[in-house]
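Hello,

Here is the structure I promised to pass on to you. Please have a look at it first, and then read my notes below.

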Amino acid sequence: MTEEYGLLDPEEGEGEDFGDEWEEIDVSDTEADRIARKRDREFAEFRKRLKDADQFKVEQSVFDDATFAAIYKLVQDGYIEAFGGPISTGKEANVYEALGDEDRDVAVKIYRINASNFQQMREYLEGDPRFEGIGSDKKKVVLAWTKKEFANLRRARAAGVRVPEPIAVERNVLVMELVGLVEDRARRLAEVNVENPETAFEVVREYMRRLHGAGLVHGDLSEYNLIIHDGELVVIDLGQAVTVHHPNADDFLERDCRNVAAFFTRQGIEVDPDDLREFVTAVDAEP
């Protein structure tokens with residue numbers, strides 16, 4: 001029944017006990033910072049070409065030299081071959097369509113270091129053991145957030161959750177799979193007529209269960225962070241996802257369950273958020 005939405009199989013584990021560990025987030029200077037400080041002729045030319053490009057002209061006062069250096073490093077390493085137009089723009093980040101290696105379309109998400117307001121991030125950062133010692137340094141917060149999103153995507157995919165494939169991360173720039181081209185973009189669940197809501201709900205709750213089993217809570221799950229593309233349900237925007245060790249993880253999970261239950265109830269299915277939470281957190285739950 002769930003095959004209609006392309007339910008994935010989890011990857012073969014290597015004895016990893018998901019949820020009992022967390023990776024340290026390194027926010028020390030990267031190769032991109034060194035390139036930005038050195039500012040040799042090749043990088044200076046690249047920076048000028050990028051700043052002169054139509055899709056980046058409005059960002060000259062937003063992207064710092066180290067951000068351009070991060071893009072430069074990703075180009076050097078072969079993760080980005082050419083940039084297309086912007087997919088979305090926001091207060092914290094812009095997402096661009098780009099051409100990756102082997103002529104693969106990718107999405108490049110660029111977080112702004114000097115964005116005006118990152119206070120909303122604090123709710124998700126404070127209490128996360130991966131962020132201990134970062135404090136209120138805006139640069140460190142943004143770099144850690146970007147790396148956290150990469151790590152969350154990687155862990156979700158290993159658990160068999162359909163999310164954009166994370167490809168590379170450099171400083172405040174994340175390269176990932178592009179789900180749907182700009183001219184044929186994937187639609188959010190809120191934007192479509194869900195023809196088989198029972199099946200869609202089964203997939204969503206299973207993905208929530210797998211995320212929790214992998215030690216993660218999405219923290220902002222709703223019909224706006226679930227998209228349908230080529231018959232697949234895809235979970236997006238995992239930047240704010242926290243580990244189950246986070247002091248607010250239970251509250252975030254409860255909110256996710258309420259949001260999902262409310263949406264599918266509007267689709268004509270009786271979904272109780274408490275029953276959904278019980279399914280998601282049941283250790284012995286079967287797919």
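Predicted model: local features only at pLDDT ≥ 70, side-chain atom pairs only at ≥ 80, totals over all residues.

Residues are numbered from 1 along each chain as its sequence is written, and side-chain values use heavy atoms, with hydrogens and water left out.

First, the chain as a whole. There are eight helices and 10 strands in it; these are DSSP runs numbered from the N terminus, with helices being H or I of at least four residues and strands E of at least two. Of the 287 residues, 50% are buried (under 20% relative accessible area, with exposed meaning over 50% and partly exposed in between; 1.4 Å probe, protein chains only). The accessible surface comes to about 14,100 Å², and carbon and sulfur atoms hold 42% of that (Shrake-Rupley method, 1.4 Å probe; for residues, only the protein chains shown count as cover). Among contacts with a separation of 6 or more, 67% join residues 24 or more positions apart, where contact means heavy atoms within 4.5 Å.

Now to the helix pairs. Helix H1 (residues 31-38) packs on helix H3 (residues 65-76) at an angle of about 115°, and their axes are 8 Å apart. Axes here are lines fitted to C-alpha atoms, for helices over the stretch in contact, and angles run from 0 to 180 degrees between N-to-C directions. From H1, the contact takes in Glu31, Ala32, Asp33, Ile35 and Ala36, which meet Asp65, Ala66, Ala69, Ala70, Tyr72, Lys73 and Gln76 of H3. By class, these residues divide into seven nonpolar, one polar and four charged (Ala, Val, Leu, Ile, Met, Phe, Trp, Tyr, Cys and Pro are nonpolar; Asp, Glu, Lys and Arg are charged; the others, Gly among them, are polar).

Aspartate 33 of helix H1 is buried, with a relative accessible area of 5%. Leaving aside residues up to four places away in sequence, aspartate 33 touches Ala66, Lys139 and Arg171.

That last partner has a feature of its own. Arginine 171 sits in the loop between strand S4 (166-170) and strand S5 (173-177), and has a positive phi of about 60° although it is not a glycine. Most residues other than glycine have a negative phi. Arginine 171 counts as buried because its relative accessibility is 3%. Aspartate 230 also has a positive phi, near 50°, and lies in the loop between strand S8 (226-229) and strand S9 (232-235). Aspartate 230, however, is exposed, with a relative accessible area of 68%.

The other pair is helix H7 (residues 249-266) with helix H8 (residues 273-281), whose axes come within 9 Å and cross at roughly 125°. That makes H7 oblique to H8 (under 35 degrees is roughly parallel, over 145 roughly antiparallel, 65 to 115 roughly perpendicular, and the rest oblique). On the H7 side the contact is made by Asp250, Leu253, Glu254, Cys257, Arg258, Val260 and Ala261, and on the H8 side by Pro273, Leu276, Arg277, Val280 and Thr281.

In the loop between H7 and H8 is valine 271, which counts as buried at 12% relative accessibility. Valine 271 touches Phe201, Ala261, Phe264 and Thr265, not counting residues up to four places away in sequence.

Best wishes
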